[in-house]
Amino acid sequence: DTAYAAAGGNPLLVQAIAEDCRQRGWTGGAPVLHEAYRQAVVSCLYRREGNLALVASAVAVLGDLAAATSVGRMLDLDLPAVERAVTALTTAELLDAYRFRHPAARDAVLRNVTIAGHGTLYLRAAAMLYDDGAPAEYVADLLVAAGTTDGPWALSVLCQAAELALGGGTTDTAVGYLKLARQAAGTE
């Protein structure tokens, strides 16, 4: 059920879903998750002290590769601090371990990251995953999301990912990689 996946037992999230449904004239089917839900998710990140918003942002950026060690490395936090934050986010029904319970919650977290912080988080994730030998396309997607590059390694990753995208028939993706590669190279 979409409503349960999006809210779990969190009364704030349930109330937000109900508000979104009322505002959008919901008549049945999957519930509407819109502005009230996004605001409720963000509110959950700041209700307690600690690194909740930062850890949630790292989990959102890393996606399927999020784990205690990767989040800790990306944010330069020790594992107990990461685990405390993830436990709090799981208790708040936003996460199920290192996965968001609903894609709308992940989207709300990503939209909450400040513009400056947005690029920094994506760049940190890309550099870390590059060092770990992650697939070029995954690293390139993070660089594109950051909108910038960091270091000479990024150019080769973007070009390799563009070749793979072209081979897979995703020309638009390849063009996006190459535009950022051109920016990284500083020449045409």
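Student: Which residues is Val-71 in contact with, leaving aside its neighbours within four places in sequence?

Tutor: Bear in mind that this is a predicted model. With those neighbours set aside, Val-71 is in contact with Val-55, Ala-58, Val-59, Leu-62, Ala-66, Val-82 and Tyr-98. Val-71 is also listed, together with Tyr-37 and Leu-143, as having the most contacts inside the largest nonpolar core, which has 67 residues. Helix H4 gives the most to this core, with nine residues.

Student: Is Ser-57 buried or exposed?

Tutor: Ser-57, whose place is in helix H4 (residues 52-62), counts as buried because its relative accessibility is 6%, and the cut-off for buried is under 20%. Not counting residues up to four places away in sequence, Ser-57 touches Val-109, Val-113 and Leu-121.

Student: How are two packed helices described?

Tutor: In general, the description rests on the angle between the two axes and on the distance between them. Here, the axes of helix H9 (residues 136-146) and helix H11 (residues 171-185) come within 10 Å and cross at roughly 65°, and the crossing of H9 and H11 is left-handed.

Student: Which residues in H9 and H11 meet?

Tutor: From H9 come Glu-137, Ala-140, Asp-141, Leu-143 and Val-144, and these meet Gly-176, Tyr-177 and Leu-180 in H11.

Notes
Residues numbered from 1 in each chain as written. Predicted model: local features only at pLDDT ≥ 70, side-chain atom pairs only at ≥ 80, totals over all residues. Heavy atoms only, no water. Helix = DSSP H or I, 4+ residues; strand = E, 2+ residues; numbered from the N terminus. Buried < 20%, exposed > 50% of the residue type's maximum accessible area, 1.4 Å probe, protein only. Contact = heavy atoms within 4.5 Å. Core = buried A, V, L, I, M, F, W, Y, C linked by side-chain atoms within 4.5 Å. Axes fitted to C-alpha atoms, helices over the stretch in contact; angles between N-to-C directions. Left-handed = near helix turned anticlockwise from the far one by under 90°.
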